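Dear colleague,

Please find below the structure that I am handing over to you, together with its sequence. My notes on what was found follow directly after it.

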Amino acid sequence: MTQQGDLSVQSSELHQIVKDTVAGTVIEAQFSPPKPILSTWEDIQRPVRLISTSPGVDYLAWVTDEEILDRPLAANEIEIDVQAVGLNFKDLLVAMGEIDQPGFGHEAAGIAVGVGSSVRTFQAGDRVMYLGDPSPGKMGTLRTRSRTHPGLAIKIPDSMGFEICQDLLQETIQLWSNDEIQEARPTQVLGYGQLKEGLRLLQTGKSIGKITLVPGTHPVSVIPAPLLPLELDANASFILAGGLGGIGRGIALRLASRGAKHLIFLSRSAPVHEAGQETIAKLKLFGCKSHVFQCDISDEPRLREGNRSQANYNAGNNFQDALARHRVSKGMHSARVNLGAVVGIGFIAENVEYVGKHTFKMANSQTGDEVLAAVEYLSDRRNHTSTTTTTRRSRDTAQLVCGLRTPASYSLGNEDQPTHLRYPMFAQLSPALSKAGGGTGAGSATAPSAAHLRNHLKAATTAEDAARIIYKAVRRKVADLLNVAEDSFDDSLNVRANGVDSLIQMEFRTWFANAKELGTVVPLKDLAKDLTQLSARLVSLSSFSKFR
């Protein structure tokens, strides 16, 4: 796919190609574990719990809570809709990998929404506070729904806010109800999307009082729920124009594997060639019936005086683009996909000599599996019928472009950009990177992404350029860890002298070791170097650097 994900053609008076994050995420998930995406809490709409994908507070994400989805409520359990969770130093140690525990949060408050058949002390609608159940699968209160033993929960007064009661015990609740005590002050209330900020406060010792987490409005990092395999209607017929070509045969087999039982092939050739016959035989093994019809609209003759160049393809493609948008505008399902050079199946795979005669500078090559994944994404209505604007199919997302190279990809390879990227249609693509690091200079308000940083390192032409890129990344990371401004560092001092203690050191080293970042492990002895020396040393260690 593209270096920045799949793209959609946005429909307006002037068509523009924009990044389609949803399509890229869903398609990529067929080849690797899904990556977290940002989502509002209200849009998640399924039970989730907080996990750590790697040591460090930067690697926390919400995932589907299988315990709630797959298991019915036990007779001696209550189920609680979580409204507030206390954040403790132990949660920081779990996030850092110091404590091996499969959940976060130890006390919480919420509303009972389910009561087991043998529970007599609670009923649905009760406001409760509770301690986390240490049983397997139940540990951790940072989740949308918790199930716990009724002995670990108590009712709370209607006058007590969830964010206050989550760290009180039975005796203190009674004292609070009698106005004999007050809640711990100050109580800092943060949204789930501010979890990282709360952990940083604990990590740097800057928190005073109690930190409580509530759902809030800040976006959270959530791993998309895996979709069940696509199931096609066995009573439907699927028409494949040119379906006996290499890509068409691959699509036909994918459709059959997803339940299609009737395929109609439209082919310009009267006899079915050997490869087509082999495909039809394979389709029979799926219980799929194939019907082949000769159908060539260019015969009249050859559409009278039709242009023999690429104009016929251009006209056909534009018609299909317009048809897809028209159908979607009328509430019908339709989509178009634009492909680059496809390897492994199709014309190029069957005509190897063609590759040496032509270049494919405009687009990255795609494998047959990537093409089939894109087709399946567009065919699966579950990806496009959500009521949320992020996934609902619209005229703006009716056309998917795969493999298109961006300006940034050409600059990384020190290649001249083709002229088509100057057209307004491509104005939304990632801009070209500067020779010195592409926007990672001091004063930049936003830290580069992991992929951005990795690509800069690969593109660096000298060890000095690579060291400057790492130096700027190190300053940003330390500033983020310490929650301070970058200009507060003394470059003549090492990271320890700049305030990185032993606990933060662990996350600092994890950041480097993580494959998504700089691809190296920092030896403890190197942390004694000043920032400039450390950056130069890391150039020789990083797996993404040419100067190892």
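Glu28 is partly exposed in this predicted model, with a relative accessibility of 36%. Its salt-bridge partner is Lys35, and the closest N and O atoms of the two are 3.2 Å apart. Lys35 is likewise partly exposed, its relative accessible area being 49%. By the same rule, the count for the model comes to 16 salt bridges.

Glu79 forms a salt bridge with Arg145, and here the closest N and O atoms are 2.9 Å apart. Because Glu79 belongs to strand β6 (residues 78-87) and Arg145 to strand β9 (residues 145-148), this pair ties together parts that are 66 residues apart in sequence. Which of the two accessibility classes, buried or exposed, applies to Glu79? Glu79 counts as buried, since its relative accessibility is 9% and the cut-off for that class is under 20%. Arg145, at 29%, counts as partly exposed.

Arg145 also forms a salt bridge with Asp81, for which the closest N and O atoms are 3.9 Å apart. This pair again links distant parts of the chain, with Asp81 in strand β6 and Arg145 in strand β9, 64 residues apart. Asp81 has a relative accessibility of 24% and counts as partly exposed. Through shared partners, salt bridges join Glu79, Asp81, Arg145 and Arg147 into one network.

I turn next to helix α9. This helix covers residues 274-285, twelve in number, and reaches 17 Å from its first C-alpha to its last, close to the 16 Å expected at 1.5 Å a residue. Its buried residues are Gly276, Thr279, Ile280 and Leu283. They lie on the same side of α9, because the arc they cover around the axis is only 100°. The buried residues of α9 pack against α8 (246-257), β15 (262-267) and β16 (289-294). On the face turned away from that buried side, α9 carries the exposed residues Glu274, Lys284 and Leu285. Just after the helix, Gly287 takes a positive phi of about 75°.

For the chain as a whole, the secondary structure comes to 18 helices and 20 strands. The chain has 548 residues, of which buried residues make up 44%. Of the contacts with a separation of 6 or more, 67% are between residues 24 or more positions apart. The accessible surface comes to about 28000 Å², and carbon and sulfur atoms account for 53% of that area.

Finally, a word on confidence. The average pLDDT of the chain is 79, and 79% of the residues score at least 70. Over residues 387-391 pLDDT stays under 50, and the model has eight contacts beyond four places in sequence for them. Over residues 435-447 pLDDT also stays under 50, with 22 contacts beyond four places in sequence. Where pLDDT is low, the predicted coordinates should not be read in detail.

With kind regards

Conventions: Residues numbered from 1 in each chain as written. Predicted model: local features only at pLDDT ≥ 70, side-chain atom pairs only at ≥ 80, totals over all residues. Heavy atoms only, no water. Salt bridge = Lys/Arg side-chain N within 4 Å of Asp/Glu carboxyl O. Buried < 20%, exposed > 50% of the residue type's maximum accessible area, 1.4 Å probe, protein only. Helix = DSSP H or I, 4+ residues; strand = E, 2+ residues; numbered from the N terminus. Expected span 1.5 Å × (residues − 1). Arc of directions from axis to C-beta. Contact = heavy atoms within 4.5 Å. Areas by Shrake-Rupley, 256 points an atom, 1.4 Å probe, with all protein chains shown as cover. pLDDT = per-residue confidence, 0-100.
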